[in-house]
Amino acid sequence: MRFLRILYPGHGGRDPGAVYQGRQEKDDALALAMAVGEILENAGIDVLYTRTEDVYDTPYEKAVIGNNSGADYFLSIHRNATAAPGGASGIETLVYQKGGEAERLAENINQGLAGVGFKDRGITERPNLVVLRRTQMPAVLVEAGFIDSQADNERFDRDFEQIAQAIADGFLKTVGVTVDSQEKEELRPLYQVQVGAYRFRQFADEMLMELQAEGFPAWIEAGDGYYRVKVGAFEQLDNAVRMERKLRQKGYNTFITTG
């Protein structure tokens, strides 16, 4: 069984998130989310990104993207901060409420991050957060260390690959997927830019013709009761990001998926 997962790098664009000595949360969150996504894609997991560059959407818009995609899980990546810099350190994962699949996912992620060396601050209920309250699938928000902690920043930079692997492994453990090293090499995702998903073929055909008339290599993927209009299929994520940028400049609402 293949799982579809939304990766939401916190903040972006005009919203830098927490800032400490010139370091911005939005940059760390994006880098980590992309690294986690690449690991999952190589393990055969379908991944959608709410952003792949420095742009801003509201948390509500992020939740809508997740709900409309039909994703099985929603993961938001952040860095923590305190009112008094240096006052705390460690990782923490937030959930809407405890007792369900989201808590199990949070536990597995926290265990992995604690194994990298972070202090485990546990799982916290945050029912007031839009991306946890409005999402219709199990959702967690990972605070990957404190951005105003020198020790946490040093670990974040030094052990970046292990941190990404720990978060990805937490998800794979939750859904019961095991991947050996040979399979990881063989599973190479193709990145696609999705422009729309329609219940009726007529609407998908209209979007397809509009995109093709503008010179975009658009095509339709049918499945699960939807006709998804996509543009391109790229081996390199950077190429998909460039295509998405062109489409957004034309006014299309897009997100990147894999297949």
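User: Which residues does Glu244 touch, not counting residues up to four places away in sequence?

Analyst: This is a predicted model, in which local features need pLDDT of at least 70 and side-chain atom pairs count only at pLDDT 80 or more, while totals for chains, interfaces and linings use all residues. Residues are numbered from 1 along each chain as its sequence is written, and side-chain values use heavy atoms, with hydrogens and water left out. Glu244 lies in helix 9 (residues 237-249); helices (H or I, at least four residues) and strands (E, at least two) are DSSP runs numbered from the N terminus. With contact meaning heavy atoms within 4.5 Å, Glu244 touches Thr52, Val193, Thr254, Phe255 and Ile256.

User: Is Glu244 buried or exposed?

Analyst: Buried means under 20% relative accessible area, exposed over 50%, and partly exposed in between (1.4 Å probe, protein chains only). The relative accessible area of Glu244 is 3%, so Glu244 is buried.

User: What separation is found between the C-alpha atoms of Leu172 and Ala43?

Analyst: Leu172 is placed in helix 6 (residues 160-175) and counts as buried because its relative accessibility is 6%. Its contacts, apart from residues up to four places away in sequence, are Leu40, Ala43, Ile45 and Val177. Leu172 and Ala43 are 129 residues apart along the chain, and their C-alpha atoms are separated by 8.5 Å.

User: Where do the buried residues of helix 5 fall, seen down the axis of the helix?

Analyst: In helix 5 (residues 150-158), the buried residues are Asp152, Asn153 and Phe156. They fall within an arc of 100°, so they line one face of the helix. The arc is that of the directions from the helix axis to the C-beta atoms.

User: Which aromatic pair links strand 5 and helix 6?

Analyst: Rings of Phe, Tyr and Trp (its six-membered ring) pair if their centres lie within 6.5 Å; planes under 30 degrees apart count as stacked, over 60 as edge-to-face and the rest as tilted. The whole structure holds five aromatic pairs. One of them is edge-to-face, at 5.2 Å centre to centre and 90° between the planes, and is formed by Tyr73 and Phe171.

User: How far from the centre of the Phe156 ring is the charged end of Arg79?

Analyst: A charge sits over a ring if NZ of Lys or CZ of Arg is within 6 Å of the ring centre and within 35 degrees of the ring normal. The charged end of Arg79 sits over the Phe156 ring, at a distance from its centre of 4.4 Å.
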